[in-house]
Amino acid sequence: MSFHINMFLKSLLGILPYLKTTLLVAAASLLFSTIIGGIAAAGILGKNSIGRVVSKAYIALMRCVPPIVLLFVVYYGSPTLVLWLTGKDINNWDAIYFAIFSLSLLHGASMAELMRAAYQTVEKGQREAAVSIGLSPFQAFYRIVLPQAAVAALPILGNAVVSMLKDGALAYSIGVVDITGRASYIISLNLGGYVLETYLALALIYWILSVVTAKSFQVLGKKLRRG
Amino acid sequence: MKLSIPFIIETFKNAMGAVPVTLSLAVVPFLIGRVLAFLLALAQINKVRFFGRFASVYVSIIRGTPAVVLVLLLYNTLPGQLSAFFKAIGSDFNVYRQIPGIAYAYFIFTLTATAFLIEIFRSAIGSVDKGQLEAAYTIGLNPFQAYTRIILPQAITLAMPNLCNLLVVLVKNTSLAFMMTVKDLTQTAKLGAALNYRYAESYIVILIIYVIICLSIEGISKVIENKLAYKVR
């Protein structure tokens with residue numbers, strides 16, 4: 001078995017257009033997991049004891065679930081559940097929705113932890129000072145606490161985005177044609193040949209993507225802290 | 001939606017039989033990886049010429065690529081490469097028949113575990129005060145003694161929470177072993193689901209088992225952490 005550099009380049013070019021699906025899945029998961037995480041973080045930091053217990057249970061549960069198993073549970077389980085609850089048939093929805101939903105559910109927990117930690121790095125006095133000069137509690141949060149918390153959270157957020165990108169690779173197993181799905185397809189087009197070249201190209205794309213993502217969040221964090 | 005209770009119980013029983021496989025796929029790579037990772041972490045900290053650089057690139061590659069892609073890449077190419085190798089040296093060893101899928105699973109999971117362990121050891125050793133090592137040298141310990149007697153015990157205590165966390169991550173990672181024809185938890189669920197056409201129940205059962213495993217690891221680790229913390233004080 002020898003390495004064919006031209007096949008490597010060919011699969012690289014064949015895979016690259018599907019990067020937009022990978023990025024779409026990651027971006028949508030980031031958006032929805034931020035929303036879910038925000039709610040869960042508010043639950044933990046809030047005064048309501050039921051909210052606290054539910055949020056904590058959700059985070060503990062998600063920390064223990066393998067991504068692929070959650071993906072299968074959502075993909076096979078949610079159509080039945082939705083049919084039973086609302087009578088609507090979502091069986092023929094595109095697999096990408098199930099992938100985004102399960103990734104958001106999974107990473108909502110880590111986003112919640114991240115937000116809670118970031119919120120707690122901001123000194124309590126900051127909020128009190130803001131309220132004392134006449135800002136409303138919402139303004140105090142939005143204008144004073146949030147900007148500081150966001151800067152503190154940036155490097156960790158970079159890691160979270162990288163793991164969202166990486167977990168997104170599992171979506172190919174339910175039929176989403178992202179870069180991983182495309183790579184497998186290219187291999188079957190080649191009748192199972194040039195496996196090394198194709199998957200190496202795939203791994204290279206992911207590696208560059210991860211390194212660039214993590215680095216840019218670090219740089220951004222440093223810049224904002226200085227300014 | 002109709003849940004079949006007998007099916008759930010049956011799946012649960014089948015899946016429990018696969019728990020040892022899943023656990024060993026997490027624990028064995030952890031045990032093998034920690035030796036390699038410790039040496040590489042030391043190389044990285046002390047900026048040893050080749051190995052220090054190798055460790056950083058290695059960690060970056062393994063942490064920067066999804067575990068599935070690593071499995072797809074190595075599981076689909078290694079047997080062919082090995083086979084070619086054995087043919088080249090004139091051995092009639094049949095790679096495809098004599099190396100089971102689980103061997104590749106152990107190998108690949110060891111690669112990932114090592115990368116994560118390097119990171120953990122590096123940060124733990126780095127956070128032990130530098131004066132400790134210098135003090136150890138001044139009282140006449142050699143580097144080996146200084147590390148094993150002074151630095152390591154402190155570093156391990158610091159690394160304990162991360163190590164337990166890693167074990168949970170590794171257990172979750174083993175769910176990919178089904179791609180290598182290993183009969184682990186996920187594989188039993190997959191087979192049961194396909195045979196009985198009950199996908200949701202099957203996967204929910206193993207999800208619960210994974211949660212129980214990981215919560216137990218976390219519980220045990222809390223106990224160990226508390227004990228170690230007491231000793232340090």
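Let me start with confidence. Chain B has a mean pLDDT of 87, and 97% of its residues reach 70 or more. pLDDT, for the record, is the predictor's confidence in each residue, on a scale from 0 to 100. This is a predicted model, in which local features need pLDDT of at least 70 and side-chain atom pairs count only at pLDDT 80 or more, while totals for chains, interfaces and linings use all residues. Residues are numbered from 1 along each chain as its sequence is written, and chains are lettered from A and ligands numbered from 1 in the order in which they are written.

Where in chain B is the mean pLDDT lowest, and where highest? Among its elements, helix 4 of chain B, residues 95-98, has the lowest, at 78. Helix 5 of chain B, residues 101-126, has the highest, at 92. For the complex, the predictor gives an ipTM of 0.87 and a pTM of 0.88.

Now the chains themselves. Chain A has 9 helices and 0 strands. Chain B also comes to 9 helices and 0 strands. Helices here are DSSP runs of H or I with at least four residues, strands are runs of E with at least two, and both are numbered from the N terminus. Along the principal axes, the C-alpha atoms of chain A fill a box of roughly 70 × 50 × 25 Å. For chain B the box is roughly 70 × 55 × 25 Å.

Burial next. In chain A, 39% of the 227 residues are buried. In chain B, buried residues make up 36% of 233. The cut-offs: buried means 20 or more other C-beta atoms within 10 Å of the residue's own, exposed means 12 or fewer, partly exposed is in between, and C-beta atoms are placed from the backbone.

Contacts along the sequence. Of the contacts in chain A with a separation of 6 or more, 78% are between residues 24 or more positions apart. In chain B, 78% of contacts between residues at least 6 apart join residues at least 24 apart. A contact requires C-beta atoms, placed from the backbone, within 7 Å.

On to the interface. Nonpolar covers Ala, Val, Leu, Ile, Met, Phe, Trp, Tyr, Cys and Pro; charged covers Asp, Glu, Lys and Arg; the others, Gly among them, are polar.

Helix packing, chain A. Helix 4 of chain A packs on helix 5 of chain A, residues 95-121, at about 130 degrees, with the axes 9 Å apart. That angle makes the pair oblique. Under 35 degrees is roughly parallel, over 145 roughly antiparallel, 65 to 115 roughly perpendicular, and the rest oblique. The axes are lines fitted to C-alpha atoms, for helices over the stretch in contact, and angles run from 0 to 180 degrees between N-to-C directions. The crossing of helix 4 and helix 5 of chain A is right-handed. Helix 4 of chain A brings residues including Leu70(A), Val74(A) and Tyr75(A), and helix 5 of chain A brings residues including Phe98(A), Phe101(A) and Leu105(A). The tally for this contact is 10 nonpolar, 2 polar and no charged residues.

Helix packing, chain B. The axes of helix 3 of chain B, residues 67-88, and helix 5 of chain B come within 10 Å and cross at roughly 135 degrees. This pair is therefore oblique. The crossing is right-handed. Ala67(B), Leu70(B), Val71(B), Leu74(B), Tyr75(B) and Leu78(B) in helix 3 meet Tyr104(B), Ile108(B) and Thr112(B) in helix 5. By class, 8 are nonpolar, 1 is polar and none is charged.

Ile209(B) sits in helix 9, residues 199-232. Is Ile209(B) buried or exposed? Buried, because 21 other C-beta atoms lie within 10 Å. Leaving out residues up to four places away in sequence, Ile209(B) touches Ala15(B), Val19(B) and Leu185(B).

Lys47(B) is not a glycine, yet has a positive phi of about 50 degrees. Lys47(B) lies in the loop between helix 1 (5-45) and helix 2 (49-64) of chain B. Lys47(B) counts as exposed, with 9 C-beta neighbours inside 10 Å.

Thr181(B), not a glycine either, has a positive phi of about 55 degrees. Thr181(B) lies in the loop between helix 7 (143-173) and helix 8 (185-196) of chain B. With 13 other C-beta atoms within 10 Å, Thr181(B) is partly exposed.

Conventions:
A crossing is left-handed if the near helix is turned anticlockwise from the far one by less than a right angle, and right-handed if clockwise. Two residues are in contact if their C-beta atoms, placed from the backbone, lie within 7 Å.
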